[in-house]
Amino acid sequence: MASSAVLVLVALALVLATWVWTVAMQHLVWRPYAVGKAFRRQGIRGPAYRFFVGNNEESKAMRVATADDVLDLRSHDIIRRVLPQYQAWMAAHGKVFLSWTGYRPSLCVADYDMAKQILSNKTGLHSKTDPGPNIMALLGKGLAFTEGDEWARHRRVVHPAFTMDKLKMMSKTMEECAAKVIREWEARAMAAGGVAQVEIGQQFVELTANVISHTAFGSSYKEGKEVFEAQRELQYIAFSTINKVHVPGLEYVPTKTNVRRWQLNRKVRGTLMAIIDERQAAAKDAKGYGNDLLGLMLEANAGKEGQRAIMSMDDIVAECKTFFFAGHDTTSHLLTWAVFLLGTHPEWQRKLREEVLRECGGVGAPLHGDSLNKLKLATMVLYETLRLYGAVIMLTRTTTTDMELGGMKIPKGTSTIIPIAIKHRDEEVWGADAGEFNPDRFRDGVGRAAKHPSAMLAFSVGPRACIGQDFAMLEAKATLATILRRFEFEVAPEYVHAPAEFLTLQPKCGLPVLLKLLDQ
């Protein structure tokens with residue numbers, strides 16, 4: 001009897017081993033061979049596939065080789081630092097080529113018409129690529145990663161919080177948060193004889209965190225500090241594992257990294273649930289959820305009396321994660337790079353200061369949403385900053401079925417990579433000065449800044465364009481206006497110009513700035 005049981009177990013083990021081997025061969029050998037051959041028949045080539053790891057090791061080696069490169073202060077050629085592999089492969093294989101992220105095919109699409117077709121699709125042919133457990137723990141499965149009916153449901157709840165009339169009401173809070181930081185800078189400058197050196201990158205991280213805490217959750221940065229610190233560590237975990245080959249099921253193994261991710265995820269969820277529960281309890285007495293982003297979202301989610309809530313609490317928590325991270329991280333880097341560019345182009349700094357004083361008044365005059373929207377030059381500078389130093393350097397989608405794109409046949413499961421940072425420097429579309437800082441190109445609006453109407457991709461385009469872009473632009477203008485009314489600034493001599501990608505694009509060594517108090 002025992003021997004029969006052993007034979008059965010051996011037979012099952014052999015069947016399982018055969019199945020695993022067959023599946024492994026299918027995904028790691030046969031499919032890469034078939035997909036590569038199908039693309040080559042269409043004239044699409046790229047770096048050779050290597051078993052299991054694809055081009056990951058080659059990509060990593062090229063990034064390591066350029067990691068210590070330092071750019072000239074006036075150079076905006078960041079591609080050789082942040083996307084050297086795409087620069088090399090594009091030079092060898094053209095604007096459209098095939099590479100391999102592990103055993104998954106990735107089609108680089110640097111053609112604007114093809115990119116627009118991908119981003120504007122409403123039929124679900126190009127879904128958001130699964131970001132993996134680490135990025136999902138950081139951002140949550142909210143509006144950024146949901147699809148189809150689920151995405152429509154999330155958007156119906158989140159969208160009311162980002163209408164311009166609601167955002168204008170938040171401009172006072174944005175100004176107050178900025179003014180608090182400015183007062184600290186003023187004190188440092190006065191104590192140092194009128195000029196102070198400030199590492200402005202970290203200051204903007206804390207400022208924008210404070211803004212999103214107030215405008216989204218009605219609290220201060222200190223109260224939400226646990227969430228921000230946990231998300232910062234989750235960001236590090238996500239970045240350190242982003243180029244590793246994904247092995248299905250490995251996220252459930254209690255490795256050191258996984259255990260720490262689980263702990264941080266529980267901490268973030270616990271803090272957010274406490275904020276939500278407190279808001280819901282207060283709403284029963286006050287008969288309202290409040291006018292911040294969370295309150296507007298909870299109100300929209302509640303629906304009419306007697307109706308079922310549109311989203312679950314897990315959905316609400318996911319959107320709050322996105323608010324917390326995306327609401328401050330991208331804006332803080334936009335401000336950092338804008339100050340860098342204005343600090344190295346004093347003529348534009350003077351133009352913006354004159355515009356701010358003309359449209360918003362001097363120090364002490366309150367900043368209103370309507371006056372901030374009149375800052376045309378500031379808008380132009382911010383768009384040019386996003387073009388050259390946008391937080392997100394590439395967009396990724398995944399084909400959900402076999403399909404055609406730009407006359408090419410693309411198999412299901414292929415990642416389509418849109419290298420934004422490279423496209424934003426395309427001289428054929430942006431002109432001979434594509435590599436230079438020239439805000440004047442946006443004088444007639446975003447749609448006319450280049451030869452292609454959808455050339456500007458910092459906030460993406462189409463139905464999945466960033467829902468928070470107006471919030472980010474309003475906050476950036478409020479902060480810059482507050483700074484320009486009080487200070488003249490330049491980049492400190494110690495600054496090292498080495499842009500780096502840490503999920504988002506940021507100065508590798510920070511941004512020290514010399515702040516000089518203006519005579520009032």
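The legends below describe close-up views of a predicted model.

**View 1. The five-stranded open sheet.**
The strands of this open sheet follow the order E1-E2-E8-E5-E3, and their pairing is mixed. Strand E1 (96-101) and strand E3 (126-128) form the edges; each has a single partner strand, so one side of each is left without a neighbour in the sheet. From one strand to the next, the twist averages 35°. Within the sheet, strand E5 (residues 395-399) and strand E8 (residues 415-418) run antiparallel and are joined by 4 bridges. Helix H4 (residues 84-93) lies across E1, strand E2 (104-109) and E8. The direction of H4 is at about 135° to E1.

**View 2. Threonine 416 and its surroundings.**
Threonine 416 is a residue of strand E8. Its relative accessible area is 0%, which is under the 20% limit, so threonine 416 counts as buried. With neighbours within four places in sequence left aside, threonine 416 is in contact with Leu107, Val109, Ile118, His126, Leu395, Thr396 and Arg397. Strand E2 (104-109) is one of the elements that H4 lies across, as is the strand E8 that holds this threonine.

**View 3. The three-stranded open sheet.**
Here 3 strands make an open sheet in the order E4-E12-E9, with antiparallel pairing. E4 and E9 are the edge strands, each pairing on one side only. The twist from one strand to the next averages 30°. Helix H10 (residues 200-217) packs on this sheet and touches E4 and E12. The direction of H10 makes about 70° with that of E4.

**View 4. Strand E12 and its two partners.**
Strand E4 (residues 195-199) pairs with strand E12 (residues 512-517) in the antiparallel sense, over 5 bridges. Strand E9 (residues 487-491) also runs antiparallel to E12 and is joined to E12 by 5 bridges. Valine 513 in E12 stands opposite valine 198, and valine 491 likewise stands opposite valine 513. The next pair to locate is glutamate 490, which stands opposite leucine 514 in E12. In a regular strand, side chains alternate between the two faces of the sheet.

Leucine 511 is found in the loop between strand E11 (504-507) and E12. Leucine 511 has a relative accessible area of 1% and is therefore buried. Not counting residues up to four places away in sequence, leucine 511 touches Val198, Glu199, Ile200, Gly201, Thr336, Val339, Phe340, Val491 and Tyr495. Among these, Val198 and Val491 each stand opposite valine 513 in E12. Val339 takes part in the contact of H14 with H20. For scale, leucine 511 and arginine 40 are 45 Å apart in space, C-alpha to C-alpha, and 471 residues apart in sequence.

**View 5. Packing of helices H14 and H20.**
Two packed helices are described by the angle between their axes and the distance between the axes. Helix H14 (residues 313-344) packs against helix H20 (residues 469-484) at an angle of about 45°, with the axes 10 Å apart. The two helices, H14 and H20, are therefore oblique to each other. Their crossing is right-handed. H14 contributes Gly327, Thr331, Leu334, Leu335, Ala338, Val339 and Leu342 to the contact, and H20 contributes Phe471, Ala472, Glu475, Ala476, Thr479 and Leu480. By class, the residues of the contact of H14 with H20 are 9 nonpolar, 3 polar and 1 charged.

**View 6. Packing of helices H11 and H12.**
The axes of helix H11 (residues 225-241) and helix H12 (residues 256-286) come within 9 Å and cross at roughly 150°. H11 and H12 are therefore roughly antiparallel to each other, and H11 passes H12 in a left-handed crossing. On the H11 side the contact involves Glu226, Val227, Ala230, Gln231, Glu233, Leu234 and Ile237. These meet Thr257, Arg260, Arg261, Leu264, Lys267, Val268 and Thr271 in H12. The residues of the contact of H11 with H12 divide into 6 nonpolar, 3 polar and 5 charged.

Note on methods: Residues are numbered from 1 along each chain as its sequence is written. This is a predicted model: local features need pLDDT of at least 70, side-chain atom pairs count only at pLDDT 80 or more; totals for chains, interfaces and linings use all residues. Side-chain values use heavy atoms; hydrogens and water are left out. Axes are lines fitted to C-alpha atoms, for helices over the stretch in contact, and angles run from 0 to 180 degrees between N-to-C directions. Angles under 35 degrees count as roughly parallel, over 145 as roughly antiparallel, 65 to 115 as roughly perpendicular and the rest as oblique. A crossing is left-handed if the near helix is turned anticlockwise from the far one by less than a right angle, and right-handed if clockwise. Contact means heavy atoms within 4.5 Å. Ala, Val, Leu, Ile, Met, Phe, Trp, Tyr, Cys and Pro count as nonpolar, Asp, Glu, Lys and Arg as charged, and the others, Gly among them, as polar. Two strands pair if DSSP finds at least two bridges between them. Buried means under 20% relative accessible area, exposed over 50%, partly exposed in between (1.4 Å probe, protein chains only).
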